[in-house]
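Please keep the model in view while reading.

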Amino acid sequence: MKGIVVYDTSYGNTKKIAETIAETLKESGIEIDLFDVKDVKKLSGKDYNFLVLGSPTKFGTMSFAIRFFLGKVKSEEWMNKPFAAFDTENPENLENKEASAAEKISEKLRDKKMNQLLPVLKALVLGQKGPLKEGEIERTKDYARELAIKLKEKKG
Ligand SMILES: Cc1cc2nc3c(=O)[nH]c(=O)nc-3n(C[C@H](O)[C@H](O)[C@H](O)COP(=O)(O)O)c2cc1C
């Protein structure tokens, strides 16, 4: 089983969450390619069994780069494959309080008939640039361990 973890980041917080997810999945014996979204030139569903996608929440939604990347996720190739989505958010943003990049990503991937394995992970940062709130890395590891279990169940 091989998956791809793709993230966007401006200040490095979303990258840390992506790295933690990738490392934890690898520790569970799952093969992972980890990419900054800017480095994904071509994406083929044939190469991967599942997708994990993450973005900083910007103005209540995903970044432009992640929105563009979603255009490369072709339903014909990814249909029925599992996915999980995560974001980072700064809860001090009073506008767009309920909005989440990860929820929006999930909607788009469900529209492509992909299979959401877990509720989204929303990691909190302190201030616009971070750092991550204390405990978020541990919470991310727990999330990724649960994801690994779900992926293995799917595989049977
Ligand atoms: C232009 C801009 C808009 C933002 N809008 C939101 C928002 O609507 N809601 C939110 O919770 N955080 C918002 N944030 C905070 C970002 O989510 C935070 O900067 C990001 O999670 C940091 O991730 P990164 O270090 O990977 O770039 C915004 C930040 C910037 C710079």
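A residue counts as buried if 20 or more other C-beta atoms lie within 10 Å of its own, as exposed if 12 or fewer do, and as partly exposed in between, with C-beta atoms placed from the backbone. Helices (H or I, at least four residues) and strands (E, at least two) are DSSP runs, numbered from the N terminus. The model is predicted: local features need pLDDT of at least 70, side-chain atom pairs count only at pLDDT 80 or more, and totals for chains, interfaces and linings use all residues. Residue numbers start from 1 along each chain as its sequence is written.

**Helix α1**

Helix α1 covers residues 13-27. Its 15 residues should span 21 Å at 1.5 Å a residue, and the end C-alpha atoms are 21 Å apart, which agrees. The expected span is 1.5 Å times one less than the number of residues. The buried residues of α1 are Asn 13, Thr 14, Lys 16, Ile 17, Ala 18, Thr 20, Ile 21, Ala 22, Thr 24 and Leu 25. Their cover includes β1 (2-7), β2 (31-36), β3 (50-56), β4, β6 (121-124) and α5 (136-155). Gly 29 follows α1 and has a positive phi, near 85°.

**Strand β4**

Strand β4 spans residues 82-89. Eight of its eight residues are buried. Pro 82, Ala 84, Phe 86 and Thr 88 point one way, while Phe 83, Ala 85, Asp 87 and Glu 89 point the other way. In a regular strand the side chains alternate between the two faces of the sheet.

Two strands pair if DSSP finds at least two bridges between them.

| Partner of β4 | Bridges | Sense |
|---|---|---|
| β3 | six bridges | parallel |
| β5 (residues 115-116) | two bridges | parallel |
| β6 | four bridges | parallel |

Thr 88 is the bridge partner of Pro 56. In β6, the partner of Thr 88 is Ala 123. Phe 83 stands opposite Gln 116 in β5. From β4 the chain crosses through helix α4 (residues 101-111) to β5, in a right-handed β-α-β crossover. Right-handed means that, with the strands pointing away from the viewer, the path from the first strand over the helix to the second runs clockwise.

**Asp 87**

Is Asp 87 buried or exposed? Asp 87 is buried, because 29 other C-beta atoms lie within 10 Å. Its C-alpha atom is 5.3 Å from that of Pro 56, 31 residues apart along the chain. Contact requires C-beta atoms, placed from the backbone, within 7 Å. Not counting residues up to four places away in sequence, Asp 87 touches Gly 54, Ser 55, Pro 56, Thr 57, Ser 100, Ala 101, Ala 102 and Lys 122.

Notes. Contact = placed C-beta atoms within 7 Å.
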